[in-house]
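The following explanation leads through two parts of the structure in turn. Please keep the sequence and the coordinates at hand while reading.

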Amino acid sequence: MPGQAPGVRIDGLTVVYKTPAGELPAVRDVSLRLEPGTITGIVGESGSGKSTLALSLLNAVQPPGRIAAGSVDIDGLGDVVGLRGEELRKARGRHVGYVFQAAQNSLNPLKTVGKQVLDLGRSHGVEDLRGLVRDAKELLGRMGLDGARVLDSHQHELSGGMRQRVGIMLALVLNAHLVVLDEPTTALDMITQANILKIVREVHAERGLTTLVITHDIGVVAEVADRLAVMYGGRLVEQGPTRQVLGDPRHPYTKGLIRAIPRLTGDISEARALPGRPPTLATVPERGCVFRDRCELRMDVCETDDPAATAHGDRIVACHAVKVREHA
Ligand SMILES: Nc1ncnc2c1ncn2[C@@H]1O[C@H](COP(=O)(O)OP(=O)(O)OP(=O)(O)O)[C@@H](O)[C@H]1O
């Protein structure tokens, strides 16, 4: 059913967590567009704010966190930051399908997978429950599982990788047209991971979805994403079409991430880990560039001024040292 894919406009989004040192931002002034029908990948090291950003798409940030500023406007839903209660519950699952991180542990241990599919359908007013179960079985089959058997199983009877695929099935089965996958394949070996991503891509195309894939592994999204957004210290530091970002990274952090991955550089001996560690909420600088402590291009202005995200053609880069060439 192409043509139903919603667009998403995230503008000036800031999400804070309450800490002993006060409220600190895990996501700061992030603006991002998900174009209808595309797959966007968000990459960044652990703690960069990816999951917090994903939760914001469902207005699902829990205390001690809260969305402190900005909007998340989804076609057909409006600004989800303003949604509450029943409206929000209906939107989740039906409009926005999602697999949150650690989804492999989030199944109900007391119920079979099939029962959980039925519960999901009932709670969203699905009339054709038989059809829903059929779709669930089919999706599981496509991901290399024995659908009937998995539907009859409890969580403890499934491996981590199987649970992860069940999570993906649950994100897709209600036929939502916006799908958010947070680390969808981390429990899987490389070959299964590649297969699952291929299926995500196929289902995305068949159903006309808008998809967001979140991962710390830039190699994972390189395979599926049309666009990439790179996150660091709660900021989006670079965005653009995947091929451009991978083939000609501009931000020093993106360059470092790519250099660290042998299967992207094509040569194991060339791969170099990015020195240093990403900041935590407590250590992320209040002023200036969040990446400066690890940056080889650091200048004086980076200490004091946060670089603005600047668009040039299809590319958006937030770095004082980078003069993005026109028409990247
Ligand atoms: N409930 C919470 N209370 C306090 N701080 C939190 C909470 N959840 C996340 N944070 C902090 O917010 C920052 C961003 O976390 P987030 O989980 O969004 O990052 P991430 O990029 O998804 O990392 P990971 O891949 O490890 O999940 C981190 O510094 C994290 O410690």
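This is a predicted model: local features need pLDDT of at least 70, side-chain atom pairs count only at pLDDT 80 or more; totals for chains, interfaces and linings use all residues.

**A buried strand and a ligand shell**

Five bridges connect strand β3 (residues 39-43) with strand β8 (residues 210-215), and the two strands run parallel.

How many residues of β3 are buried? The strand is mostly covered, and five of its five residues are buried; the criterion for a buried residue is that 20 or more other C-beta atoms lie within 10 Å of its own. In a regular strand, side chains alternate between the two faces of the sheet. In β3, Ile39, Gly41 and Val43 point one way, whereas Thr40 and Ile42 point the other way. Residues of both sets are buried.

Attention now turns to the ligand. The shell around the ligand consists of 17 residues, of which Ala26, Ser46, Lys50, Ser51 and Thr52 come nearest. By residue class, twelve members of the shell are polar, four are nonpolar and one is charged.

Which elements each supply at least two residues of this shell? They are strand β1 (8-19) and helix α1 (50-56). The contribution of α1 is the greatest, at three residues.

Key: Residues are numbered from 1 along each chain as its sequence is written. A residue is near a molecule or strand if its C-beta atom, placed from the backbone, lies within 6 Å of it. Helices (H or I, at least four residues) and strands (E, at least two) are DSSP runs, numbered from the N terminus. Ala, Val, Leu, Ile, Met, Phe, Trp, Tyr, Cys and Pro count as nonpolar, Asp, Glu, Lys and Arg as charged, and the others, Gly among them, as polar. A residue is buried if 20 or more other C-beta atoms lie within 10 Å of its own, exposed if 12 or fewer, and partly exposed in between; C-beta atoms are placed from the backbone. Two strands pair if DSSP finds at least two bridges between them.
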